[in-house]
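Morning, everyone. Please bring the structure up on the screen, and we will walk through a few places in it.

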Amino acid sequence: MIFGLVLGATSSPMALPAAAVKEDFGHISWPSERSAPTDVWSLAQDNDGFLLLGTGYGVVRFDGAQFEPLKTRDGRQLPAFNVTALAVAPSGDIWMGQFEDGVARIHAGVLEGFGNPAGGGWITSFAFTRDGRVWAAGRKGLMVFDGRRWHVVGAAEGFDGPHATALLVDPDGVLWVTGMSHLMFLRPGHPRFEATNVPVTPRAQLARAPDGTLWLSDLDAGVRALPGVSASHPVGDPVLPKAAPGMLAFDRMAFDREGRLWGTDRVQESLVVLARPQVLADGHTLRRSEVSASFDARDGFTADHMVPVFVDRDGAVWAGSSFGLDKVRERPIHQMTQIPREERGDVPVQMAADHTPWIATSKDVLRIDPTALGTVAEFSDPIYAFSPSFPQGLWVRTPGDIWFDRDGTRIRYPVPAYGAQEWSHILDDGAGGVWVMFWAKGVDHLQDGAWRHNTCTWNPSFRPSILAKAAVGQAWVGGIDSDVVLIDRSGLCERHVIPGIGRVRVILPVDAWTYVGGSDGVARFMGATRQVLHRLGDDPLLDVAGIRLVGDKVWIYSHAGVYVIARQALDEAFAGRGPPPFVRRLDITDGVPGVPASSTMNALAVDAVGRVWLSGNTGVGVVDPAALASEAFAPVVEVRSVSAGDHLHTGQEIALPTGTTRISIAYAATNLAAPGRVAFRYRLSGVDDSWVAAGSRREATYTNLAPGRYTFEVMAIDDAGMASVRSSSVVIAIPPAWYQTLWFRLLCAAVMAAAVAWIVRARHQRAQRVLRLQLESASAERERIARELHDTLLQSVQGLMMMVGTATVELPEGHVLRTRLGRAVEVARQAVGESRGALFNLRTTSIAHGRICEAVLLIGRDLEQTYGVRFEPLVEMDQIFGRPELASDIVAIASEALLNAFQHAGASVVSCALRIRRRSVRIVIRDNGRGFTVSSTGVCAAGRHFGIQGMRERATRMRARLLVESRVGDGAAVTLLVGRGARRSGPIP
């Protein structure tokens, strides 16, 4: 059995052929339900990579993920033009041709309108020549823009008007135009157009193939190449083809990077592709039977009838319709469509010793050569497993037998009864034998017809799941419980446990490491070192069944697709070092044939020319790694808008309303190839300390923002590892509300400080009141005790002394009894003095806090009664002193001064002037006694009071002033002044 041509002859033995069947293309549609614009008439791509859509109501911009109206630099939306032609000049200017309103452009972000110099008719195409002129073709003629204004091109310039449809500038700078009746061209630097002999109709379209051949499509004359036609040879077929049944006619057409010709078929209403138009470029009118593939609504497109077709800089083909937008992209992974569809499920691929890929269908083993797919062996029974053997032998497992085939000669080895009906893997041992794994048993070795158990794998605690190559005569065996065993024919059993890897699906020795893929991740081990990865980036690694080293990249095939990662980055990820590694993921949109095949021992294989083969549950795929490293364009990232509340703001500097605390920032990046694989990172100055990895999320939200000026920056990296050249930023200003201003905060701080001070003061006053009440209560009790002692005990003793004194006088002089009674009276007098002193101190220390005036007056009256000297008080002001803790010191000084005056001054009158205020005290004590010099101070006779020096020391300690004035024979005056700075004197030394 020989299948048809698979890979085709190419210039490089590693290259894959241009896609030619539907299965080789991936398709994505954006109907109106996905917010796509409708009524699409023209397509272009700007210098930043955005796709521009000219519609019946304006120009729409597309970054691969979101559509938005094209806006001017100041954020204004364009008028609702009916745009029939779009083009982007090398300078970046966007030119728009309209249905009836002429030409407009966006230059430096500003919209400029030029009207229609031709006097009407809709614009169909633009072109840009090297001299900087802009050309526009329309239903009413050809026009040229010289940088200031538009001119109509006519007979004076040699143009065949008044109608033009298509424009094209070739690599030599020649401008080609489809005129009214013939194809015309203008050489660089020439003032006049020249005509070819190629006839055209008014609705003709032009395209140029990569090999330089011009192609023409007339809706009335079909699609045909113009072989040999050039500016140096403007001669072609002078006969206009006639319309014929089955003729192919395009509304628009374009060549892609692989040289395929795409067109929108006006008659059959579909998008069609010719995979090898160069073999059809003999000048004949193409027929629909020569089309390689066609696409319409039955294939998931937005509509059957499509008009514009455009090839972007990534090589993708875009088509617009009245109902949306469609994209067709060649998948990098080509499907082996030559395998019958019913045979494509779960097909294993293995490499022979010469690295030729072999595959197996249900009953055939096929070898894939560089140009063909051929049958190696056919079997009548189902093939369970196979293994190529050096040099070109083949081991095959069928339900009851193991077969060895070499050059058509087969040897049959019956499978032992215990494994006859079991599915199994087989693996050539490199030394003439084969390893056979039985799912429920273990691993056996077959050599020269003799079967031998490997006792290690037949252990009941070990259940095998996979086989893998090791050294000659050895094999790796994976288990279902995270364990791996190295065995050989002599009975070697080297067991390694890889915690957390799950059921082992693939084993691959690479240098000193052994890589293991399992149901729960990927791991590697070397000696006692174990390293496990359960994720790559944001993706969990599940059901890893393929691992291959391809150049400096490691390929990993899991249930989510194929991951391609630099080996160094994978090493760092295993070691847990550095940032998250960059990983490129290929999935079903890239042609990955489903999840890894369950029947393969490694779902990835590399052939002799470096192509990677994939065994999936839906078939076999092959990819050229070089195709993944083709020319890539860095994404252009931009901040689209800032939303606060219900309002949307745009611009480079945005002032938000006062009181804004929550904002959402929308951003985007151009990536038409794989927008969902663009990863972003951003930061907001003053909030984020470092870049925030956002993955594919295209919006950042911040809450609890304070007033201030912020700068938001965002960067992007695409699936090919290309990072945006520069970040995009926006300045966001949030003005403070009146209650968020600095002066208001200072005012609040002042009010708060005042409130705290008031609270502290109130608590202090309350504590003072409580203390005053307690002291007043104690003072009242002491006064009561002192009064009772004075009025009872001392008065009684005083009366007793008088009686004894009278009795003593009546006794004769010298009488013993008189002497004794005199002594008794003297002792009683001393006791009375001491008692009076004790009562004086009791009254002094029992002062009700703050009631200084009352205490001083009470002391003065007591001394008046005791010493018989008249006491004259003068109360100038009597308030409750606000420093009750100083009252005892003040009264002590005053009492000392009074006592000195009554005891030692020999005065007849002692006066006391008091002025008691809340914050100050002034007490002046005067007498009319004998006076003294200030330096001759002393201590009172009782010995329990201090003299002037003691009063001064006490006043100094409490930061008060004590003034003593006296002259001999002129009395004395003591003045005590207590102010705000006074404090308690502390203990008296």
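First, a term: helices (H or I, at least four residues) and strands (E, at least two) are DSSP runs, numbered from the N terminus. Two strands pair if DSSP finds at least two bridges between them. This is a predicted model: local features need pLDDT of at least 70, side-chain atom pairs count only at pLDDT 80 or more, and totals for chains, interfaces and linings use all residues. Residues are numbered from 1 along each chain as its sequence is written, and side-chain values use heavy atoms, with hydrogens and water left out.

Start at strand β30, residues 357-360. A hairpin of 3 residues takes β30 on to β31. Those two strands run antiparallel, joined by 3 bridges, and β31 covers residues 364-368. I359 has L366 in β31 as its bridge partner.

Now the other neighbour. Strand β29, residues 349-351, is also antiparallel to β30, with 3 bridges. Here M351 is the bridge partner of P357. The β29 and β30 hairpin has 5 residues between the strands. In that turn, H355 has a positive phi of about 60 degrees.

Next, strand β42, residues 474-479. Of its 6 residues, 5 are buried, so β42 is largely enclosed by the rest of the structure. On one side is β41, residues 464-469, antiparallel to β42 over 5 bridges. I466 sits opposite G478 in β42. The hairpin between β41 and β42 has 4 residues, and G473 in the turn shows a positive phi of about 85 degrees.

β42 also pairs with β43, residues 483-488. That pairing is antiparallel, over 5 bridges. V477 has V485 in β43 as its bridge partner. The β42 and β43 hairpin has 3 residues between the strands, and S482 takes a positive phi near 65 degrees.

Staying with backbone angles: most residues other than glycine have a negative phi. Which loop holds D511? D511 lies between β45 (504-510) and β46 (513-518). Its phi is near 55 degrees, a positive value in a residue other than glycine. D511 is exposed, at 67% relative accessible area. D543 is another case, with a positive phi of about 55 degrees although not a glycine. D543 sits in the loop between β50 (539-540) and β51 (546-550). At 23% relative accessibility, D543 counts as partly exposed.

On to charges. A salt bridge here is a side-chain nitrogen of Lys or Arg within 4 Å of a carboxyl oxygen of Asp or Glu. How many turn up in the whole structure? The search finds 36 salt bridges.

R61 and E68 meet at 2.4 Å, N to O. Both R61 and E68 are buried. R298 and D296 meet at 2.7 Å, N to O. D552 and K553 form a salt bridge at 3.4 Å, N to O. K553 is partly exposed, with a relative accessible area of 32%. There is also a network: salt bridges with shared partners join R61, D63, E68, E638, R640 and R698.

Last stop, the surface. R761, R918, R919 and R980 gather in a patch of positive charge. Patches take residues with over 30% relative accessible area and no salt bridge; like charges are joined within 9 Å, nonpolar side chains (Val, Leu, Ile, Met, Phe, Trp, Tyr) within 5 Å. Lys and Arg count as positive and Asp and Glu as negative, while His and the chain ends are not counted. The charge is placed at NZ of Lys, CZ of Arg, CG of Asp or CD of Glu. Accessible areas come from the Shrake-Rupley method with a 1.4 Å probe; for residues, only the protein chains shown count as cover.

Where is R980 in the chain? R980 is in the segment after β71 (972-978). R980 is exposed, with a relative accessible area of 67%.

Technical notes
Buried < 20%, exposed > 50% of the residue type's maximum accessible area, 1.4 Å probe, protein only.
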